[in-house]
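Dear colleague,

Please find below the structure that I am handing over to you.

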Amino acid sequence: MTIDPLLPPSLGTPHAPTPAPVRLWALVPCAGTGSRAVPPPAPPKGGATVSAFGALAGAAGEPMAPAQPPQLPKQYHLVAGHPMVMHTLAAFAGVTRLAGTLVAVAPGDHYLDQHVHPSFFVVDCGGPTRAATVLGGLRALQERGAQREDWVLVHDAARCLVTAAQIDRLIEACLQDSVGGLLAHQLADTLKTSIDGPGGVRVASTVDRSSKWLAQTPQMFRIGPLQEALDKVGTNVTDEASAMEAMGLHPRLVPGGAQNFKVTYPDDFALAEAVLAQRGLGTTLARFGGERGQGASETGRKTIF
């Protein structure tokens, strides 16, 4: 290319197109039921069975029993007066550099319609597994303008004690990383392996805990590589870091904290409630307003797209 010497340097020098700025998104899978945390309802008495329409069909000649309400997924159970997932979303609402937060729910799930807020948007792209739900969420983000080079922070809806400061710490640690990373908590307890023995389960050995970490979320990776990893590895992986590891990559471990646990068992609800009570619930109430247990007052869903 010949450059005219009479042109100013700013006009005579060829320029590459300015790349679009890399953005950060949050993706909260919210399509599971949490069967370990919420016991299934007791079976109906008298040998009745649940029909395809949800009503209880009794034996021939017996009156129909009333239909049982569907079991509420654990992420919607009240914790300290608010649905658990709202505490989670309150933390992400405090991270100002996020371009948007997508909540991926199961098809037909309209629970969050009563809790609309401009800090997040809901898409019914949930699948039968966590990884399938994440894949659906990644596609939904790209359909709304997210780029493959953008970062996505995937976070468990049931890790309702995460803080905006922890999320920001992960972003700072991973934003210039070639792979990405995750919040994790270094194992503090002595770790044992087990065998079946006389009288029950017994200790087989003690494992060196010096390099052992408990994986937490958020887990932060670029949208394109994460989508490719999940497509290749399959949807049975239990977290995004596992999919990236299967591609030969080594995600960065960023210290999280013991309070960033996942509500998994019934006793965990009480522990989460105690932590939130100690914090004073300021974040959730400040983000979403209203009395405890009440949703936000907005009447229409708002997205940033």
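Please note that the model is a predicted one.

Aromatic pairs

The structure contains 2 aromatic pairs. In one of them, Tyr76 and Tyr111 are stacked, with 4.1 Å from centre to centre and 15 degrees between the planes. This pair joins distant parts of the chain, 35 residues apart. Tyr76 lies in the loop between strand 3 (56-57) and strand 4 (78-79), while Tyr111 lies in the loop between strand 6 (98-105) and strand 7 (121-123). Tyr76 is buried at a relative accessible area of 2%. Tyr111 has a relative accessibility of 18% and therefore counts as buried, the cut-off being under 20%.

The rings of Phe120 and Phe288 also form a pair; because their planes stand at 85 degrees, with the centres 6.3 Å apart, the pair is edge-to-face. Here too distant parts of the chain are linked: Phe120 is in the loop between strand 6 and strand 7, and Phe288 is in helix 8 (residues 282-288), 168 residues apart.

A buried glutamate

Glu240 belongs to helix 6 (residues 240-246). Is Glu240 buried or exposed? Its relative accessible area is 1%, so Glu240 is buried. Leaving aside residues up to four places away in sequence, Glu240 touches Arg130, Val134, Val154, Gln219, Phe221 and Leu226.

With kind regards

Notes:
Residues numbered from 1 in each chain as written. Predicted model: local features only at pLDDT ≥ 70, side-chain atom pairs only at ≥ 80, totals over all residues. Heavy atoms only, no water. Helix = DSSP H or I, 4+ residues; strand = E, 2+ residues; numbered from the N terminus. Buried < 20%, exposed > 50% of the residue type's maximum accessible area, 1.4 Å probe, protein only. Contact = heavy atoms within 4.5 Å. Phe/Tyr/Trp six-rings, centres within 6.5 Å; stacked < 30°, edge-to-face > 60°.
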